[in-house]
Amino acid sequence: MTRDNHVRLHLENRQSVKHGIDNPAMLENGSTEQVCTPEKNEKKVSESKEVLTRITVVKSPSSLEKPPLDDDYDPYLHRDVKHPTSYSDTFFHMLKASLGTGILAMPNAFHNAGFTVGTIGTLVIGFLCTYAIHSLIGAGYELCRRRKVPSMTYPQTSEAAFEEGPQWLRWFTPYAAFTTQLFLILYQIGASCIYVVFMASNIKAVCDEYYAETDVRLYMVYILIPLILICWIRNLKLLAPFSSAANFVTIVSFGITFYYIFSDIPHISQRQAVGKVENMPLFFGTVLFAMEAIGVILPLENEMGNPKRFASPFGVLNTSMIPITLLYTFVGFFGYMKFGEKAEGSITLNLPKDEVLAQSVKLMLAASIYMCYALSCYVAFDLMWNGWIAAKLEKNEHKTFWEYVTRTSIVLVTFTLAVAIPNLELFISLIGALCLATMGIAFPAIIQMLTFWDYYRGFSFVLFLTKNMILILIALLGFFIGTSTSLNKIYHEFFLS
């Protein structure tokens with residue numbers, strides 16, 4: 001459940017669409033409200049769709065026509081950012097995007113891997129995520145430089161990479177942006193499902209203690225109408241005060257949770273150093289879901305007043321990902337030391353049931369996640385509505401009605417999947433392996449490989465190609481093994497039992 005803060009970050013400025021930059025409010029959905037304006041066309045326009053059309057129909061130059069690396073066009077100098085962020089602003093936004101409630105799943109991840117493999121594995125995955133982000137930033141900058149546009153979204157970057165890549169792969173260009181956007185939508189839908197399970201599970205844990213025990217699915221039914229109603233809110237400004245309150249509640253809840261984690265920790269000899277091999281894919285998917293924030297990267301970099309300080313050696317990316325990786329390792333290790341084999345998909349479910357303070361944490365986080373759910377569904381709606389649906393209903397007099405139908409349908413889909421698979425551990429690992437292994441590791445490696453395909457020769461090209469192929473192979477193994485393992489456990493737990 002990592003992306004609650006990620007989503008909140010993307011949508012805080014939803015109402016102010018900026019032209020000529022990658023607007024984080026749109027969450028890289030490639031909607032026609034996002035514009036990458038060429039250098040010769042610096043005039044701000046009201047009809048973004050017209051400008052985007054002009055850009056996408058331009059024929060890609062062949063490899064011989066690509067401008068040299070010393071071309072004097074610098075995309076950083078042509079970004080028109082209305083409210084640029086400072087180094088510190090971007091640093092805290094990065095922390096906010098990565099440090100979500102997914103940190104509560106880390107002890108369960110260590111339970112699957114063991115404390116030795118878990119520690120090493122989390123550090124390695126943190127390094128891979130950071131390296132993949134560097135690859136995406138570098139390739140995105142180069143593609144913007146070639147096309148002489150200030151910035152591009154993630155789907156646009158993916159499409160441009162295939163269009164600029166080797167001739168035998170350009171047939172995939174029309175599908176590249178769609179594929180990237182589809183995975184973004186799947187991720188948001190999956191995250192929303194996890195939020196439903198999280199809320200229902202924590203409410204059930206409290207009610208079971210003070211009332212009669214009830215199936216968790218019944219609590220999902222209880223919260224269905226409130227979920228639909230909050231997702232009907234069309235103006236994000238109305239959600240802003242609740243979002244701020246949710247941030248405060250989350251911080252307080254984390255503080256109380258950590259208090260319980262570090263109380264009376266058993267000796268390390270009582271815990272396993274290496275977990276079962278068949279559970280390793282669950283560890284991989286959980287850590288990826290908890291730590292990965294690939295969707296927020298390009299918007300954050302594009303909003304900086306000095307974007308060169310984002311991916312520099314001591315830039316925002318490195319200085320934020322290092323403490324993030326260490327903190328996730330720290331919480332996973334000590335959470336596993338505390339609860340061992342009993343570590344749940346959310347560590348809040350391990351807190352004492354007979355203490356009011358511990359029970360209050362579950363209710364506070366359930367209320368906080370209620371707001372995160374609204375924002376996550378808003379992103380999924382924005383991706384589908386502005387990306388695909390709205391254009392087909394442009395002249396429909398019942399457009400508003402169909403907007404509410406779309407919003408409600410998203411909630412019903414997440415509700416149905418949550419009812420079918422009410423297990424936090426398996427859902428988190430499934431979404432991590434399915435969506436974030438691809439978007440967070442494989443896609444950046446592919447984009448970098450295609451972007452710089454013609455700039456390496458001889459042994460340098462072999463090293464360049466080998467490096468990216470290894471990353472793609474790791475991502476594909478995580479994708480197929482992690483997804484199949486999660487689906488297999490889901491099938492045996494919920495459909496065979």
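A search of the whole structure, a predicted model, finds three cavities of 30 Å³ or more. A cavity here is a set of points on a 1 Å grid over the protein atoms alone where a 1.4 Å probe fits but cannot get out; grid points are joined across faces, edges and corners, and a volume is the space filled by probe spheres set on the points. Local features need pLDDT of at least 70 and side-chain atom pairs count only at pLDDT 80 or more, while totals for chains, interfaces and linings use all residues. Residues are numbered from 1 along each chain as its sequence is written, and side-chain values use heavy atoms, with hydrogens and water left out.

The largest cavity has a volume of about 70 Å³. Its lining, meaning residues with an atom within 4 Å of a point, consists of Arg79, Ile137, Gly140, Tyr141, Cys144, Ser151, Met152, Thr157, Leu298, Glu301 and Asn302. Two or more of these residues come from each of α5 (115-147) and α11 (294-303), where helices are DSSP runs (H or I, at least four residues) numbered from the N terminus. The top contributor is α5, with four residues. Sorted by class, the lining has five nonpolar, four polar and two charged residues; Ala, Val, Leu, Ile, Met, Phe, Trp, Tyr, Cys and Pro count as nonpolar, Asp, Glu, Lys and Arg as charged, and the others, Gly among them, as polar.

Turning to the second largest cavity, its space amounts to about 60 Å³. Around it stand Ile230, Cys231, Ile233, Leu239, Ala374, Cys377, Tyr378, Phe381, Arg407 and Ile410. Helices α8 (216-231), α13 (356-389) and α14 (399-420) each give at least two residues to this lining, and α13 has the largest share, with four. The class count is nine nonpolar, no polar and one charged.

Helix α8 also packs against α7 (residues 173-210), at an angle of about 120° and with the axes 9 Å apart; axes are lines fitted to C-alpha atoms over the stretch in contact, and angles run from 0 to 180 degrees between N-to-C directions. The pair is therefore oblique, the class left once angles under 35 degrees (roughly parallel), over 145 (roughly antiparallel) and 65 to 115 (roughly perpendicular) are set aside. In contact (heavy atoms within 4.5 Å), Val196, Val197, Met199, Ala200, Ser201, Ile203, Lys204, Cys207 and Asp208 of α7 meet Val216, Tyr219, Met220, Ile223 and Leu227 of α8. By class, this contact has eleven nonpolar, one polar and two charged residues.

Definitions and conventions. On a 1 Å grid over the protein atoms alone, a cavity is a set of points where a 1.4 Å probe fits but cannot get out, and a pocket is an open set with protein on both sides within 12 Å along at least five of seven lines; lining residues have an atom within 4 Å of a point.
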